[in-house]
Structure formats: C-alpha cells, structure tokens
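Work through each task on the structure before reading its solution.

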Amino acid sequence: MNDAFTKYTQYLNDLNDKRERVVKASRDITMNSKKVIFQVHRMSKYNKEEVLKKAEKDLAAVTNQYMSRLVKELQGTDFWKLRRAYSPGVQEYIEAATFCKFCKTGTLLNLDEINATLLPLGDPSLEPLQINVLDYLLGLADLTGELMRLAIGRISDGELEFAKKICSFARDIYRELTLVVPHMDDSSDMKTKMDTMLQSVKKIENACFSVHVRGSEYMPLTGSNDPSSFLVGVPDIEL
C-alpha cells in the first residue's frame, strides 16, 4: 500500500511540475503572439508587404521557440489533462496566425493547417499535440476584435474597400459560429465571446456605413475626378 501511494504521490508531483512549466510556456506564447498582432497593426497601404513579412517572421519564431516547448511538454496524453493551463496561449497564437493569414491572403487559416505546422515540432513516436476545436473557435472569436481595430485603421487611412472586405469577413465568421455554438457543449467562455464578437461586428458595420453615407455627401475638388473631394459641380477657375 505504501509503495502504491508513493507512486501516486510522485505522479501527482510530476504532473504539477509539468503544469507549472506549461503555464509558463503559455504565458510566453501569449506575450509573443500579441507582439505579432501589434506588428500587423502597423500596416498601412504604403508598407503592407514589409510589415506582413516581418509579422510572418515573428510568428514563425513564436512557433519554433515557444509552441515547440509546449508541444514537447504535452506529447502523449497529458495535453487533455492540462488544457486549462495552456488554452489561453493557444488561443492567442491562433488569433495571431489567423490575423496574419487574413491580412496577407484575405482567407481564413483553418484548424488542419495550424495543426500541420505543429506536427514537425514533436517526436513522431509519440501522440502529437493537436489543437482542439474549442480552442480554435475561441481564438477565432478573439480575431474579430482585431479585425474591428484593423477596419477602423484602414478607414482612417483611406482604404475603404479593404475595410468593407474586413466587414464581410467578420460577418461571415460570426454567422457561421452562430450556427455551430448552439450545438456545442455548454461553454461560458464561448457564450461571452459571442456577445463580444457581435459588438465588434456592429462597430465595423457602423464605421463602414458612416463612411459610405458621409462620403456620398462630399463633392470632388475643382478639376478633380476624385469622388471623395468636396467641390463637385463648381466650374474650374480660368486664370
């Protein structure tokens, strides 16, 4: 009996130690993924390619340096037991990865693509860490907040068509999740994020609508074909 309890004690101590290491890795992933997101927000119509190239490089560093630590800690079956310890970092990583992909290609990075990038980081002989659907959806829900900030920034920079594209993309995400979430297990995190998602989508829609309405009231400058200017119909002044 003593031997059995000694064995269980050692197992629990090892698991708790691993949990602490996983929490630390999750925090590092969160911090560095946020840096990737901040880098993407520096994008403008003049430096888009340069900024996104730097963001992709930073994201690759997060994958190779920090996600790899998490993968090595959680190989086998422990990633189910310790999900709560690493979930925040994984969600932030998903948010950063999907944000980069959308800004570069205008498409959504899916779960299979993300998990495929993690496979080479682990030991092929062990069960690999695979991000589960719930963490992916929670990270995707957070993405809409960054899309809202991006849309407002693009509008202020005069990229109205890009802002409309962002609006359509955010709507699609929210619409699809409203079909999925009711069939998921009860998750207070997901329900809270759905409410936040709706607020973000509304803000994007209101910003795009306001620019569209106000833009129709402006008139082009004298001698200009630019419909965003404000003196349409005024004859050119002959000198």
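Contact means heavy atoms within 4.5 Å. Helices are DSSP runs (H or I, at least four residues), numbered from the N terminus. The model is predicted: local features need pLDDT of at least 70, side-chain atom pairs count only at pLDDT 80 or more, and totals for chains, interfaces and linings use all residues. Residues are numbered from 1 along each chain as its sequence is written, and side-chain values use heavy atoms, with hydrogens and water left out.

**Exercise 1.** Find which residues of helix 2 and helix 4 meet, and describe how the two helices pack.

Step 1. On the helix 2 side, the contact includes Lys-48, Leu-52, Leu-59, Val-62, Met-67 and Leu-74. Helix 4 contributes, among them, Tyr-86, Val-90, Tyr-93, Ala-97, Cys-100 and Lys-104.

Step 2. Sort the contact residues by class (Ala, Val, Leu, Ile, Met, Phe, Trp, Tyr, Cys and Pro are nonpolar; Asp, Glu, Lys and Arg are charged; the others, Gly among them, are polar). This contact has 14 nonpolar, 1 polar and 3 charged residues.

Step 3. Take the axes as lines fitted to C-alpha atoms over the stretch in contact, with angles from 0 to 180 degrees between N-to-C directions. Helix 2 and helix 4 make an angle of about 155°, and their axes are 10 Å apart.

Step 4. Angles under 35 degrees count as roughly parallel, over 145 as roughly antiparallel, 65 to 115 as roughly perpendicular and the rest as oblique. Helix 2 and helix 4 are therefore roughly antiparallel.

**Exercise 2.** Is helix 4 oblique or roughly parallel to helix 6?

Step 1. Helix 6 covers residues 133-156, and packs on helix 4 at about 45° with the axes 8 Å apart.

Step 2. Helix 4 is therefore oblique to helix 6.

Step 3. Residues of helix 4 in this contact include Ile-94, Phe-99 and Phe-102, which face a helix 6 set including Leu-138, Leu-143 and Leu-147. The contact divides into 13 nonpolar, 4 polar and 5 charged residues.

**Exercise 3.** Which residues lie nearest the centre of the second largest pocket, and which elements line this pocket?

Step 1. A pocket is an open set of points on a 1 Å grid over the protein atoms alone, where a 1.4 Å probe fits, with protein on both sides within 12 Å along at least five of seven lines; lining residues have an atom within 4 Å of a point.

Step 2. Of 14 lining residues, Leu-59, Tyr-93, Ala-97, Leu-109 and Thr-117 lie nearest the centre.

Step 3. Helix 2 (48-74), helix 4 (83-105) and helix 5 (111-118) each give two or more residues to the lining.
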